[in-house]
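Here are a few notes to read alongside the model.

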Amino acid sequence: MALGWGQRGHQRWSCPVPAGDSAALRMPGRVPGSCGAPGTRGRVPGSCGAPGMWGRIPALLGLALALASLLPAAGARRSQDLHCGACRALVDELEWEIAQVDPRKTIQMGSFRINPDGSQSVVEVPYARSEAHLTELLERVCEKMKEYGERLDPATQRKSYVRVISRDGAKMDLSGLKFDGDVTSSLKFACESIAEEYEDELIEFLSHEAENVKDRLCSKRTDLCDHALHIPHDEL
C-alpha cells in the first residue's frame with residue numbers, strides 16, 4: 001500500500017493507494033483506486049473525505065419520511081370521502097324509493113294472536129315507511145350505486161358521488177366526472193357495509209318523514225362525514 005500526495009493551496013492531503021495503482025501517482029488526471037485529488041480532473045465526489053452523496057443522505061431520508069407520513073392521511077381522506085358519499089347516496093336512494101309507494105298502501109303490523117277478550121293486537125300502518133318495506137329496500141338498494149360517478153373538487157381535493165344516470169331520463173352534465181368499474185364497485189361495497197352496520201339507525205330515521213336525514217344520519221349520528229354540513233342538501 002502506498003500513499004498518494006496532493007496539494008491544494010497551503011494544505012497537503014494524502015490517501016491510501018492500492019499497490020497495483022502506484023503508477024497512477026505519476027499520471028495526471030488519473031483516479032488512483034477510489035481516490036482523486038480535489039479540484040483535479042477525474043475527481044470522484046465523496047472520495048477521500050470530500051463531501052458527496054453521503055452528506056445528502058440525512059436530508060433525503062427526512063424528505064422520504066415526511067412524504068411517507070402524508071400517505072396515511074391521504075388514504076384516510078379518500079376512505080372517508082367514499083363512505084360519506086356512499087351514506088348520502090344510500091339515504092337519497094331510500095328516500096326516493098319510499099316516495100314511489102302509494103301513500104294509501106298499508107300493511108298489518110302486530111300480533112295475530114287472539115286476546116282473552118277476543119280481539120287481535122293488529123294495526124295497519126303505511127307501507128312506505130314500514131320496517132318490512134325498509135328492510136326489503138336495504139337488501140337491494142346498493143345496486144343503484146352503479147348509476148353514480150365520482151367528482152373531485154379542485155379547490156378542496158375532496159371527492160363526492162353524484163348520479164350519472166337520471167331517474168327520469170333527462171340529460172345530465174357529466175363534465176369532470178369519473179365513471180368506471182372501480183368507482184361503482186368501491187361505492188357499492190361501501191354502501192353494503194353501511195347498510196349492514198347501521199341498519200337500525202337507517203330504519204329509525206326513515207320510519208317517519210324528516211328533513212335533512214342525510215346530514216343528521218351520515219354526519220351527526222354515524223360520523224361518516226366530517227364535512228357534510230358544507231355539502232348542499234340537493235347534491236346527491
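Predicted model: local features only at pLDDT ≥ 70, side-chain atom pairs only at ≥ 80, totals over all residues.

**Notes on the sheet, the helices and the core**

1. Strand 5 covers residues 148–152 and is joined to strand 7 by 2 bridges, the two running antiparallel.

2. Stepping back, the strand order in this open sheet of 3 strands is 6-5-7, and the pairing is antiparallel. Strand 6 (159–163) and strand 7 (177–178) are the edge strands, each pairing on one side only.

3. Which strands does helix 3 lie across? Helix 3, residues 181–197, lies across strand 5, strand 6 and strand 7, and runs at about 105° to strand 5.

4. The largest nonpolar core has 36 residues, and Leu90, Leu94, Leu138, Leu187, Ile194 and Leu202 have the most contacts inside it. At least two residues come from each of helix 1 (53–99), helix 2 (131–140), helix 3, helix 4 (199–206) and helix 5. Helix 1 gives the most, with 9 residues. In soluble globular proteins, nonpolar side chains tend to be buried together.

5. Ile194 deserves a look of its own. Beyond its neighbours within four places in sequence, Ile194 contacts His83, Ala86, Cys87, Leu90, Glu199, Leu202 and Leu224.

6. Lastly, helix 5 (residues 213–221) has as its buried residues Val213, Lys214, Asp215, Leu217, Cys218 and Ser219. After helix 5 comes Asp223, with a positive phi near 60°.

Note on methods
Residues numbered from 1 in each chain as written. Heavy atoms only, no water. Pairing = 2+ DSSP bridges. Helix = DSSP H or I, 4+ residues; strand = E, 2+ residues; numbered from the N terminus. Contact = heavy atoms within 4.5 Å. Axes fitted to C-alpha atoms, helices over the stretch in contact; angles between N-to-C directions. Buried < 20%, exposed > 50% of the residue type's maximum accessible area, 1.4 Å probe, protein only. Core = buried A, V, L, I, M, F, W, Y, C linked by side-chain atoms within 4.5 Å.
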